[in-house]
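Below are some notes for a colleague who has not seen this structure before. They take a few sites in turn and can be read beside the model.

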Amino acid sequence: MKLVEMTALPGGKAIQVGPGQPLLLMAGPCALESSDLCWQVAWEMKAICQRLDISYVFKASFDKANRTSLNSFRGPGLKKGLRQLCRLRQEVGVPVVSDVHEASQVDIAMECLDIIQIPAFLCRQTDLLTAAAKSGRVVNLKKGQFLSPWDMKHAVEKVRAAGGERILLTERGACFGYNNLVVDMRSLPVMRSFGCPVIFDATHSVQLPGGMGGSSGGQRKFIPALTRAAMAAGIDGLFMEVHPDPDKALCDGPNSIPLDKVEPLLRQLLEIRKAVSRFSNE
């Protein structure tokens with residue numbers, strides 16, 4: 001597997017993702033809410049990851065374009081949201097990731113983002129994948145809920161054909177009937193076989209899409225169990241929606257993990273990762 005490297009921020013060191021490298025964690029609120037909340041999450045997550053030797057990237061969406069209802073909170077929008085992410089990146093000193101929904105957004109987003117994320121619903125959009133690849137940024141491809149893991153090989157090939165070599169693949173569950181997702185742990189080694197580091201989306205995997213009528217529900221109580229299973233299966237990073245008070249989050253609260261629960265879970269996961277690494281070397 002080819003390691004994926006992100007250029008270091010001023011005064012920092014480059015982040016490498018893949019076997020033998022520190023765990024990558026992309027974590028933050030679902031969407032950009034108030035500056036105070038985003039800065040709180042970013043600073044606390046940075047401190048936690050420094051204590052645990054985890055590579056941290058702040059995540060939040062500037063626009064949630066695929067909300068269930070027209071009335072759902074979407075975020076501050078492209079220009080205002082990217083300004084907020086740029087300022088957080090500079091002041092907190094952490095890389096940032098956010099999702100783009102149209103090819104026309106990539107040229108603007110690449111000026112700020114260290115990782116350009118392709119939403120699960122859009123993982124087959126050729127023009128979007130091509131634009132993201134040409135940006136020169138790391139591309140995080142989220143597997144569509146409607147795709148088999150082996151079908152993601154075609155998405156990877158689209159990005160590589162456009163010159164993109166720094167690719168992450170993220171598992172976020174598959175549709176299982178109405179308003180439900182299930183995680184097939186076989187997808188993790190399958191997607192890893194494409195030569196890309198694999199990320200497990202610990203919080204969208206417990207989402208219940210449209211499960212609350214006009215919005216999505218979630219079962220956050222299952223986050224620890226699924227994440228421990230994914231770590232045992234072998235992954236290179238985690239994606240988590242983190243909020244100080246998930247019940248008051250403006251989007252995806254039911255499947256977000258409380259900020260004060262993150263560090264104890266990460267400590268468990270690192271122990272599992274250490275054991276998996278030992279066994280894989282025997």
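**Notes on selected sites**

1. Leaving aside neighbours within four places in sequence, Glu 171 is in contact with Lys 143, Val 183, Ser 187, Leu 188, Met 191, Ile 199, Phe 200, Asp 201 and Ser 205. The model is a predicted one. Glu 171 belongs to strand E8, which covers residues 167–171. Is Glu 171 buried or exposed? Its relative accessibility is 2%, so Glu 171 counts as buried, the cut-off being under 20%. The side chain of Glu 171 also reaches the backbone nitrogen of Gly 173, at 2.5 Å.

2. Asn 140 sits in strand E7, residues 138–142. With a relative accessible area of 0%, Asn 140 is buried. Which side chain does the side chain of Asn 140 meet in a polar contact? The partner is Gln 117, at 2.9 Å. Gln 117 is also one of the residues that Asn 140 touches when those up to four places away in sequence are not counted; the others are Met 26, Ile 115, Ile 116, Ile 118, Leu 168, Leu 169 and Thr 170. Thr 170 is 30 residues from Asn 140 in sequence, yet their C-alpha atoms are 7.0 Å apart in space.

3. Helix H4 spans residues 126–134, and its buried residues are Leu 128, Leu 129, Ala 131, Ala 132 and Ala 133. What covers them includes helix H3 (103–109), strand E6 (115–118), strand E7 and helix H5 (152–161). Just after H4 comes Gly 136, which takes a positive phi of about 85 degrees.

4. The largest nonpolar core has 71 residues. Which of them touch the most other members? They are Met 45, Phe 58, Leu 141, Leu 169, Leu 238, Met 240 and Leu 266. Helix H1 (residues 35–52) supplies the largest share of this core, nine residues. Another core lies apart from it and has 13 residues, including Val 17, Val 57, Val 138 and Phe 239. In soluble globular proteins, nonpolar side chains tend to be buried together.

5. On rings, the count of aromatic pairs comes to zero. Phe 239 does have a charged residue over its face: Lys 142 lies there, at 3.9 Å from the ring centre.

6. How many disulfides does a search of the whole structure find? The search finds zero. Cys 49 is in no disulfide, and the nearest cysteine sulfur, that of Cys 38, is 16 Å away. Cys 49 counts as buried because its relative accessibility is 1%. Cys 251 is buried as well, with a relative accessible area of 7%.

7. Ser 34 is in the loop between strand E3 (24–28) and helix H1. Its relative accessible area is 39%, so Ser 34 is partly exposed. The side chain of Ser 34 reaches the backbone nitrogen of Leu 37 at 3.1 Å. Ser 34 and Gly 75 are 41 residues apart along the chain, and their C-alpha atoms are separated by 9.8 Å.

Definitions and conventions: Residues are numbered from 1 along each chain as its sequence is written. This is a predicted model: local features need pLDDT of at least 70, side-chain atom pairs count only at pLDDT 80 or more; totals for chains, interfaces and linings use all residues. Side-chain values use heavy atoms; hydrogens and water are left out. Helices (H or I, at least four residues) and strands (E, at least two) are DSSP runs, numbered from the N terminus. Buried means under 20% relative accessible area, exposed over 50%, partly exposed in between (1.4 Å probe, protein chains only). Contact means heavy atoms within 4.5 Å. A polar contact is a pair of N or O atoms within 3.5 Å; within protein, one must be able to donate a hydrogen and the other to accept it, and residues adjacent in sequence count only if both atoms are side-chain atoms. Rings of Phe, Tyr and Trp (its six-membered ring) pair if their centres lie within 6.5 Å; planes under 30 degrees apart count as stacked, over 60 as edge-to-face and the rest as tilted. A charge sits over a ring if NZ of Lys or CZ of Arg is within 6 Å of the ring centre and within 35 degrees of the ring normal. A nonpolar core is a set of buried Ala, Val, Leu, Ile, Met, Phe, Trp, Tyr and Cys residues joined through side-chain atoms within 4.5 Å. A disulfide is a pair of cysteine sulfur atoms within 2.5 Å.
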